[in-house]
Amino acid sequence: MLQLQKGITSLFRKVTTSLPPDVEAAIKKAAGIEEDQSAKSELLTVLNNVQSARSGKTPICEDTGVPFFYVSAPKGMSHIELRKIIIEATRAATRKIPLPSYSVDPLTGQNTGDNTGSGIPVIHIEETGDPNLTIELMLLGTSSENLGRMYSLPDDSLGAGMDLSGIGIAVLDAVTQAGGSGCPPYIIGVGLGPTRDRAAWLSKQQLRRKLDDENPVSELRTLENRLLSDVNALGIGPKMQGGSTTALGVKVGLNHRHPRAAYLDVSLLCWNTRRGKLIW
């Protein structure tokens, strides 16, 4: 168990100081084809910052955000013990890397100093038939997380129905309202479900996907590609410099819904996508 705790602490260091390969590759590709020189310059600056953080073993961004864990546990492994190990690893990572602490008591305003507290880190554990323990960590920065939006469809004010076209209208509205406040280019997760909490869960699940994957549902694959093109046509660009790189990817997940209502959640990640996986 102590070795597992050390492994999770190392995962924190990896996620904090380097970009996932698929995200870094997408930024390099965008920089190579971006025609707007101001936007291209910003993308090249991002790549330089990533390289500096990796070589110096320092956090890419000072806002290391809220730790989000997705755990797939083999049958028979104690979920209670797993939570304890993850919490201790979070405390150790905060102390050793070091990380700033963003866990504040809502009543007293006092910071716990170790990135733990009631509901922090966020931990989701599910049992699987796989004999391996898989731990995924995502650090959600505040700037982009603040910009996420929930919609109740149909939305007459937007002219958005409960179909794929309505989903597209809502996503474009969310990105337009976000503008450049969340450090684009963004990665956009979209979830539609029967309840608000389920929609929010689904949108976060999409952020776990790699940028170069393909949605197995052909209609959603087409929608993701179209939305990425439409979002990039907004001309917001990195640090609002314009150009054609407002987003690196759009990922969509749908659940069945009620006949009279559907809830749509749009989650945004900034270019500094901190996610990684440990297989034990």
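Predicted model: local features only at pLDDT ≥ 70, side-chain atom pairs only at ≥ 80, totals over all residues.
Is N232 buried or exposed? At 14% relative accessibility, N232 counts as buried, where buried means under 20% relative accessible area, exposed means over 50% and partly exposed lies in between (1.4 Å probe, protein chains only).

Residues are numbered from 1 along each chain as its sequence is written, and side-chain values use heavy atoms, with hydrogens and water left out.

**Figure 1. The protein chain as a whole, with eight helices and eight strands.** Helices (H or I, at least four residues) and strands (E, at least two) are DSSP runs, numbered from the N terminus. The C-alpha trace spans about 50 × 50 × 40 Å along its principal axes. The radius of gyration of the protein chain is 19 Å, which agrees with the value near 19 Å that a compact globule of 280 residues would have. That radius is taken over C-alpha atoms, and the globule rule is 2.2 Å times the number of residues to the power 0.38. Of the 280 residues, 51% are buried. Contact means heavy atoms within 4.5 Å; among contacts with a separation of 6 or more, 79% come from residues 24 or more positions apart.

**Figure 2. Helix α1 (residues 2-17) packed with helix α4 (residues 79-96).** The two axes are 8 Å apart, and the packing angle is about 50°. That angle makes α1 oblique to α4. Axes are lines fitted to C-alpha atoms, for helices over the stretch in contact, and angles run from 0 to 180 degrees between N-to-C directions. Angles under 35 degrees count as roughly parallel, over 145 as roughly antiparallel, 65 to 115 as roughly perpendicular and the rest as oblique. The crossing of α1 with α4 is right-handed; a crossing is left-handed if the near helix is turned anticlockwise from the far one by less than a right angle, and right-handed if clockwise. On the α1 side, look for L4, Q5, I8, T9, F12 and R13. Their partners in α4 are L82, I85, I86, E88, A89, T90, A92, A93 and K96. Sorted by class, the residues of this contact are nine nonpolar, three polar and three charged. Here Ala, Val, Leu, Ile, Met, Phe, Trp, Tyr, Cys and Pro count as nonpolar, Asp, Glu, Lys and Arg as charged, and the others, Gly among them, as polar.

**Figure 3. Helix α2 (residues 21-33) and helix α3 (residues 37-56) crossing at roughly 150°.** Their axes come within 9 Å, and α2 and α3 are therefore roughly antiparallel to each other. This crossing is left-handed. From α2, the contact takes in E24, I27, K28, A30, A31 and G32, while α3 supplies K40, L43, L44, V46, L47, V50 and R54. The contact of α2 with α3 has eight nonpolar, one polar and four charged residues.

**Figure 4. N232 in helix α8 (residues 218-232).** Here is the residue from the opening question again, buried at 14% relative accessibility. Not counting residues up to four places away in sequence, N232 touches G243, S244, T245, T246 and A247.

**Figure 5. E62 in the loop between α3 and β1 (66-74).** E62 is exposed, with a relative accessible area of 68%. Leaving aside neighbours within four places in sequence, the contacts of E62 are P100 and Y102. P100 is 38 residues from E62 along the chain, yet their C-alpha atoms are separated by 7.5 Å.

**Figure 6. The cis peptide bond that joins I120 and P121.** Omega is about 0° for this bond. P121 sits in the loop between α4 and β2 (122-128).

**Figure 7. C183, P184 and P185: backbone details.** The peptide bond from P184 to P185 is cis, with omega near 15°. P185 belongs to the loop between α6 (164-178) and β5 (186-193). C183 is also found in the loop between α6 and β5. Phi of C183 is near 60°, a positive value in a residue other than glycine, and at 36% relative accessibility C183 counts as partly exposed.

**Figure 8. K239 in the loop between α8 and β6 (247-254).** Although K239 is not a glycine, its phi is positive, at about 50°. K239 counts as exposed at 58% relative accessibility.
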